Amino acid sequence: MTKCFGECTIVDRYTATVMRCDKIGLVGPNGAGKTTLLKLILGELQPDDGRVRVSTNLQVAYFDQMCAQLDLDKSLADTISPGSEWVEVNGVKKHVMSYLGDFLFAPERVRPANVLVLDEPTNDLDIPTLELLEELLADYDGTVLLVSHDRAFFDNVVMSVFAAEGGGAWREYVGGFSDWQIQRERSERIAEEAARQSARKRRKTTRSRKARPGATCSAR
Ligand SMILES: Nc1ncnc2c1ncn2[C@@H]1O[C@H](COP(=O)(O)OP(=O)(O)O)[C@@H](O)[C@H]1O
Ligand SMILES: [Mg+2]
């Protein structure tokens, strides 16, 4: 698919498949188009060219929307159970972690979400809440689409990465943020080496041409 906003190409002929239970992270600088690509994948935004096929039973939940209802000055757990690790729900004492798990991903909810979208959820969350969220996502039996600048959190959650490589180019890498960096650096090194070799070849050709009899000066 391809998506442009005015002169700006956000997604340039990108093809990808998101399977049930995939945990995919989107990386790229601000304004690269991560949110736009998320919306395209979810069918909320139409591509200019190409098409997106979305499963019919998609139930999408946005983590931001849940966070917006909570007091972000406190940790998620503190908001729910101030000063204690335990909450009482319908007369039953529950650990706050287990309660949060129910709250986010309860199977008894009428339409449990099967796709969870977290678009920069980590900016306002403290470390205990991030760790809690990490645990919940590891056990989550659904698809996760994540944008986060928190590398550790990102690495612990995602299985593969859709990376913005400039000018609307996107590429898929297996692994997390660190794997993406290693693979990207490796491919950049290979590209640089190839460029150096071809420049060397070009210089050699120029030199041998200029060294022909009749040449007015020698090449350096
Ligand atoms: N509805 C829109 N109309 C015009 N331009 C948009 C719209 N949505 C996003 N953009 C532009 O597209 C680019 C990518 O935006 P976005 O997907 O929000 O990036 P990211 O999430 O990676 O920060 C930005 O330059 C943004 O200003
Ligand atoms: Mg965004």
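Colleague: I have it that a residue is buried if 20 or more other C-beta atoms lie within 10 Å of its own, exposed if 12 or fewer and partly exposed in between, with C-beta atoms placed from the backbone. How many residues of the protein are there, and what percentage count as buried?
Modeller: The protein has 220 residues, and 23% of them count as buried. This is a predicted model, in which local features need pLDDT of at least 70 and side-chain atom pairs count only at pLDDT 80 or more, while totals for chains, interfaces and linings use all residues. Residues are numbered from 1 along each chain as its sequence is written, and chains are lettered from A and ligands numbered from 1 in the order in which they are written.

Colleague: How many helices and strands are there?
Modeller: There are 7 helices and 10 strands. Both are DSSP runs numbered from the N terminus: helices are H or I with at least four residues, strands are E with at least two.

Colleague: Which strands form the open sheet, and in what order?
Modeller: The order is S4-S7-S8-S3-S9-S10, 6 strands with mixed pairing. Two strands pair if DSSP finds at least two bridges between them. S4 (60–62) and S10 are the edge strands, each pairing on one side only. From one strand to the next the twist averages 20°; axes for such angles are lines fitted to C-alpha atoms, for helices over the stretch in contact, and the angles run from 0 to 180 degrees between N-to-C directions.

Colleague: Do S3 and S9 pair in the parallel or antiparallel sense?
Modeller: Parallel, over 4 bridges. One pair of bridge partners is Ile24 and Ser160, the latter in S9.

Colleague: Which residues surround ligand 1?
Modeller: Phe5, Cys8, Ile10, Gly28, Asn30, Gly31, Ala32, Gly33, Lys34, Thr35 and Thr36. A residue is near a molecule or strand if its C-beta atom, placed from the backbone, lies within 6 Å of it. S2 and helix H1 (34–41) are the elements giving two or more residues to that shell, and H1 gives the largest share, 3 residues.

Colleague: Staying with H1, which of its residues are buried?
Modeller: Lys34, Leu37, Leu38, Leu40 and Ile41. They cover an arc of only 165° around the axis, so they sit on the same side of H1; the arc is that of the directions from the helix axis to the C-beta atoms. Just after H1, Gly43 takes a positive phi of about 80°.

Colleague: Why does Leu37 count as buried?
Modeller: Because Leu37 has 24 C-beta neighbours inside 10 Å. Leaving aside neighbours within four places in sequence, Leu37 is in contact with Val11, Leu26, Phe162 and Trp170. Two residues are in contact if their C-beta atoms, placed from the backbone, lie within 7 Å. Leu37 and Val11 are 26 residues apart in sequence, with 7.4 Å from C-alpha to C-alpha.

Colleague: Back to phi. Which residue other than glycine has a positive value near 50°?
Modeller: That is Arg13, in the loop between S2 and strand S3 (23–27). Most residues other than glycine have a negative phi, and most peptide bonds are trans. Arg13 is partly exposed, because 13 other C-beta atoms lie within 10 Å. The C-alpha atoms of Arg13 and Trp170 are separated by 8.6 Å, although the two are 157 residues apart along the chain.

Colleague: And what is the phi of Cys21?
Modeller: About 75°, positive although Cys21 is not a glycine. Cys21 is also in the loop between S2 and S3. With 12 other C-beta atoms within 10 Å, Cys21 is exposed.
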